[in-house]
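Take a look at how two chains meet. The sequence and the structure come next.

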Number of protein chains: 2
Amino acid sequence: MDVKTLCLAVLSRRDATGYEIRKQFAEGPFAHFQKASLGAIYPALTKAAEEGLVTVTAEAQDGRPDKKIYSLTPDGAAALHRACQTEPGDDQFRSDLLFLIFFSALQSPDKIARLVDERIAQYEASVANLKSKAETCSGEEPGRDFVRGLGCAIYQAAADYMRQNRADLLEQLRSEARHAAE
Amino acid sequence: MDVKTLCLAVLSRRDATGYEIRKQFAEGPFAHFQKASLGAIYPALTKAAEEGLVTVTAEAQDGRPDKKIYSLTPDGAAALHRACQTEPGDDQFRSDLLFLIFFSALQSPDKIARLVDERIAQYEASVANLKSKAETCSGEEPGRDFVRGLGCAIYQAAADYMRQNRADLLEQLRSEARHAAE
DNA sequence: CGATCAATATGTCGGACCGATATATGGAAC
DNA sequence: GTTCCATATATCGGTCCGACATATTGATCG
């Protein structure tokens, strides 16, 4: 999904500024399965406005730059609808941590231990975050619960696996290090 | 992790051509947590050769272009080691399918059903694939089992969740569609 | 038996995107 | 009182993907 379509999708739920759109990808409901940076969002919104997919309303602010509030037009809604007809690509999982663990011979076991512990904490925080959101806003739009639940299940599985196999991994790394030292 | 570092890492395990490196990211042991395209790998290898991080050996072939076999130099090994000292970034999960489900009001429930079924099959195939590899090549290098196991756990959790919540999601979508039709 | 397709193997190129940076200010923290 | 964070816009260098170009062999298929 390109950033322009992502922006149209966010605007289909409510009007927003570029800054607010980015926040929805950084912390909001999309954070767990899509991302977009400001450096991509602002040009995408400008282009979408040129194409008549969105309208802009400038709101004066003292000191700060004007707030530009974007709204979806009927043309924009149609473009979003069209983009959603294409077949979705594969899900992508990327992890620099797993890369480091794969090449853990190049690391000190203590560093790996710290990194794994930190990642477990991160994943468990994400689970807690999603669960709290599930309580406050369950059942509004169809699909939202499913999406949130899947994120939760994946994070929980990752945290559980790391917790259960942490000791084994470290034991292997330390015995390998002893082996190399001899 | 940039593509140059990724290439050095692959070459630290064994000599390879650019084409073979890509295959390791498409099907090989790295496929589940890192990717790199040919359009990035070839320039990265050329640049790495210029910097003395790898050496090239051209092997003549009839008809086809020469096979260029790359090998890691001591300088390249040092560069890889240095790159591995940086703190890893967050794990990234991206899913166009979840995006479509989030905006499933724009879709026919039947299409969502098909897409979910296909994705379950894909995840279960990945689990089977990883499990078969775990049997044939377990315990060679420390960390490899851990990485494979985590991939397996995540894919299994995603497949299980989708299987268990598929009916609920579809029920919600169909009742919403009926509601809109009235 | 020709046709089309996948795999092998290199490489270029346009366009998309990220991350850093610039600019400007109010409020909170310490 | 200074440092840091949040708000809010925008640009830009560099990186990377996906598509294309090129060339050949072997397989599948009607």
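## A charged link

Which residue of chain A forms a salt bridge with Arg114(B)? Glu87(A) does, and the closest N and O atoms are 2.9 Å apart. A salt bridge puts a side-chain nitrogen of Lys or Arg within 4 Å of a carboxyl oxygen of Asp or Glu. The rule finds four salt bridges across the interface of chain A and chain B.

## About the model

This is a predicted model: local features need pLDDT of at least 70, side-chain atom pairs count only at pLDDT 80 or more, and totals for chains, interfaces and linings use all residues. Residues are numbered from 1 along each chain as its sequence is written, chains are lettered from A and ligands numbered from 1 in the order in which they are written, and side-chain values use heavy atoms, with hydrogens and water left out.

## The interface

Chain A brings 64 residues to the contact (heavy atoms within 4.5 Å). Chain B brings 63 residues. About 6700 Å² is buried between chain A and chain B, and carbon and sulfur atoms give 64% of that area. Buried area is the accessible area (1.4 Å probe) that two parts lose on being put together, summed over both. Arg94(A), Phe102(A) and Phe146(A) supply 13% of the area that chain A buries against chain B, more than any other three residues.

## Paired strands

Strand 3 of chain A pairs with strand 3 (residues 92-94) of chain B. Strands are DSSP runs (E, at least two residues), numbered from the N terminus. Pairing needs at least two DSSP bridges between two strands. Here the sense is antiparallel, over three bridges. Phe93(A) has Phe93(B) as its bridge partner.

Technical notes: Helix = DSSP H or I, 4+ residues; strand = E, 2+ residues; numbered from the N terminus.
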